[in-house]
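These notebook entries record what I looked up in the structure shown below. I begin with a pocket and then turn to the sheet.

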Amino acid sequence: MQDLKPVNIYHVLEPSCSDPSPPKQCRGDKGNYRFFPIWANNLKVREALHIREGTKANWVRFNTSVAYTRNVKSSFGYHQNLTKELLHALIYSGDQDMAMTYVGSLAWITRLKLSIVDRWKPWFTKQEVAGYTTKYSNGHYHLTFVTVKGAGHTAVEYKPRECFNMFIEWLGTQTL
């Protein structure tokens, strides 16, 4: 098997920052994310977010001091139960994400045993292909699956305009 260490699994087209890289080219604790605590702990920001004084002394990314147990092996059963309800769901994936690939999302959706009502087709932002979408339904539960072209693991971080447009379109007209 080929070594994937030089590949950034959260966005395959960005540098892997596990090796020394210029910080401005990196996301994560070695790159731009290192500024989040400075921003989140700024008094003006905390005020704007309505964080009551004394409730949280200092914001920490990935706070490991909170004692909790991870005991949920899969949430699939929960989602399968939701297919019995009258609702609309939106699932989206960045197409450059290897940590949770869109192919994996499609496999997960297939397990829900929903019928395809609108096959794989492009969706657009500013007249450019922004990704692809497929719609599924069982008559009362409707699921829209969307890929975001060029986006990584946290799609909105990589493609904010496209994700915003996708969400507004899905909320407003369901034409995705």
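**Entry 1: the pocket**

I sorted the lining of the second largest pocket by class and noted 4 nonpolar, 7 polar and 1 charged residues. Here Ala, Val, Leu, Ile, Met, Phe, Trp, Tyr, Cys and Pro count as nonpolar, Asp, Glu, Lys and Arg as charged, and the others, Gly among them, as polar. The model is predicted: local features need pLDDT of at least 70 and side-chain atom pairs pLDDT 80 or more, while totals for chains, interfaces and linings use all residues. Residues are numbered from 1 along each chain as its sequence is written, and side-chain values use heavy atoms, with hydrogens and water left out.

I noted a volume of about 210 Å³ for this pocket. A pocket is an open set of points on a 1 Å grid over the protein atoms alone, where a 1.4 Å probe fits, with protein on both sides within 12 Å along at least five of seven lines; lining residues have an atom within 4 Å of a point. The volume is the space filled by probe spheres set on the points, which are joined across faces, edges and corners.

Among the lining residues I found Ile-91, Tyr-92, Asp-97, Met-100 and His-153. The elements that give two or more residues to this lining are β1 (87–94) and α4 (102–110). β1 gives the most, with 4 residues. Helices (H or I, at least four residues) and strands (E, at least two) are DSSP runs, numbered from the N terminus.

**Entry 2: the sheet**

I then followed β1 into an open sheet of 4 strands, with the order β1-β4-β3-β2 and mixed pairing. Two strands pair if DSSP finds at least two bridges between them. The edge strands, β1 and β2 (115–125), each pair on one side only.

β1 pairs with β4 (residues 141–148) in the parallel sense over 8 bridges. I looked up two of the partners in β4: Tyr-141 for Leu-87, and Phe-145 for Ile-91. β3 pairs with β4 in the antiparallel sense over 5 bridges, and Tyr-136 has Leu-143 as its bridge partner in β4. β3 and β4 form a hairpin with 3 residues between them, and Gly-139 in the turn has a positive phi of about 110 degrees.
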